[in-house]
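Here are some friendly notes to read alongside the model. Take the points one at a time, and keep the 3D view open as you go.

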Amino acid sequence: MNTRRSSDAAIGELDINRRRVTSRTAEGTTFGIHQKMENDLRLLEQAAVPARSALPREDMLYGPRLVSRSYSPAPAYNLGSFSQVRVTWIIAAMALAVVVLLWHWSSTPAQTSLSMWNGGAMQTLEGSAPAQAALALPQLSTPPGQHSLVAAPSVTAAQIDKVLAQFGSPAAGTGELWVKLGEQYQIDPAYALAFFIHESSAGTNPNWAGLKPGGATTHNVGNIICAGYATCYGRFRDYPDWQTGIADWYRLIHDEYVQGRNLHTLEQIIPVYAPSVENNVPAYVQAVTNLINSWKQ
């Protein structure tokens, strides 16, 4: 700053001297003195140029600037930090959800899922196996004059074996299985046996669709149609043994009719099980009712 001021002062003095020299020249001053003054003036100007060029252009034109440091631009949001916080919260939420699911699964008792058409053999019940837990059924209201299949067994295993033996049934000796399945599904086994007799004379009717060449059978006690089952014979299901065939009949009545359609009486089930286009519905109902009444005497 002092350099600029001293240079400006020198230049100012040179200008004054130049004007004086010019004035004197006009008054008759010798040319030699004038030339010397001009040379001295030129040397001073050349010495002052570097000092001026060292100053910023703005200072040369407008003088020194005032710089304020109190101003700062608007703070920019740190998007990287925000995204990191958001990801952290998402991970924490997912971890919490996993903990809740694990707690729910661990606190929920295991359940057995029975599909409507499982396409495979049903679990067999052996005489030495423990009794299966009874399945819960909704509270049912039986209309007057109708007969509910959902009931405790009204016949014993010995009675069933006796009836099957009288018919010469290939399923003879399975009485205990009928009763156990009836208790498991809460369906009176008397109705299961009556259906078997009405459909095929307990597996002895020569016109029964379940008979195979050589004396083998489908073990299909209720003539249940194939409907996507894994193995079929004609249009009916083909089971590997009596245990599987009898169990599937109980399952069908329990899942498809009682729970699936809210039908639980003989009079409600038969029109769907054996519709009038194929059977005499009233005769079917009467035949089953008569058989059950005869066993109760």
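Which residues does Ala-274 touch, not counting residues up to four places away in sequence? Keep that in mind for the first point, and remember throughout that this is a predicted model.

1. **Ala-274 and its surroundings.** To answer the opening question, Ala-274 touches Asn-279, Val-281 and Tyr-284 once residues up to four places away in sequence are set aside. You will find Ala-274 in the loop between α9 and α10. With a relative accessible area of 2%, Ala-274 is under the 20% cut-off, so it is buried. From Ala-274 to Tyr-284 is a step of ten residues in sequence, and their C-alpha atoms are 8.3 Å apart in space. Tyr-284 is buried too, also with a relative accessible area of 2%.

2. **The chain as a whole.** Now zoom out. The chain has ten helices and two strands, and along the sequence they come in the order α-α-α-α-α-α-α-β-β-α-α-α. The chain is 297 residues long, and 31% of these residues count as buried. Its accessible surface is about 18700 Å², with 58% of that belonging to carbon and sulfur atoms. Take the contacts between residues at least 6 apart in sequence: 64% of them join residues at least 24 apart.

3. **Helix α7 against helix α9.** Two packed helices are described by the angle between their axes and the distance between the axes. For α7 (residues 189-200) and α9 (residues 266-273), the angle is about 35° and the axes are 14 Å apart. Their crossing is right-handed. On the α7 side, Tyr-191, Phe-195 and Glu-199 make the contact, while α9 contributes Leu-266, Ile-270 and Tyr-273. Sorted by class, this contact has five nonpolar residues, one charged residue and no polar ones.

4. **Rings around Phe-195.** A pair of aromatic rings is described by the distance of the centres and the angle of the planes. The count for this model is nine aromatic pairs. In one of them, the ring centres of Phe-195 and Tyr-273 are 5.0 Å apart and the planes stand at 90°, so this pair is edge-to-face. It links distant parts of the chain, with Phe-195 in helix α7 and Tyr-273 in helix α9, 78 residues apart. Phe-195 and Tyr-273 are both buried. Phe-195 also pairs with Tyr-284: here the centres are 5.7 Å apart and the planes are at 55°, so the pair is tilted. This second pair also links distant parts of the chain, since Tyr-284 sits in helix α10 (residues 281-296), 89 residues from Phe-195 in α7. Phe-195 has 0% relative accessibility, so it counts as buried. One aromatic cluster takes in Tyr-185, Phe-195, Trp-249, Tyr-250, Tyr-257, Tyr-273 and Tyr-284.

5. **Helix α6.** Is helix α6 largely enclosed or largely open? Nine of the eleven residues of α6 (residues 175-185) are buried, so the helix is largely enclosed by the rest of the structure. Among the buried residues are Leu-177, Trp-178, Val-179 and Tyr-185. The cover over them includes α5 (157-167), α7 and α8. After α6 comes Gln-186, which has a positive phi near 55°.

6. Ala-227 is not a glycine, yet its phi is positive, near 45°. Look for Ala-227 in the loop between α7 and β1 (232-233). Its relative accessibility is 39%, so Ala-227 counts as partly exposed. Asn-262 has a positive phi as well, about 60°, and is not a glycine either. Asn-262 lies in the loop between α8 (242-259) and α9.

7. **A buried residue in a loop.** Finally, look at Asn-220, which is in the loop between α7 and β1. Its relative accessibility is 1%, so Asn-220 counts as buried. Leaving aside neighbours within four places in sequence, Asn-220 is in contact with Trp-208, Phe-236, Arg-237, Tyr-239 and Trp-242. Asn-220 and Ala-209 are eleven residues apart in sequence, and their C-alpha atoms are 9.3 Å apart.

Definitions and conventions: Residues numbered from 1 in each chain as written. Predicted model: local features only at pLDDT ≥ 70, side-chain atom pairs only at ≥ 80, totals over all residues. Heavy atoms only, no water. Axes fitted to C-alpha atoms, helices over the stretch in contact; angles between N-to-C directions. Helix = DSSP H or I, 4+ residues; strand = E, 2+ residues; numbered from the N terminus. Left-handed = near helix turned anticlockwise from the far one by under 90°. Contact = heavy atoms within 4.5 Å. Nonpolar A, V, L, I, M, F, W, Y, C, P; charged D, E, K, R; others polar. Buried < 20%, exposed > 50% of the residue type's maximum accessible area, 1.4 Å probe, protein only. Areas by Shrake-Rupley, 256 points an atom, 1.4 Å probe, with all protein chains shown as cover. Phe/Tyr/Trp six-rings, centres within 6.5 Å; stacked < 30°, edge-to-face > 60°.
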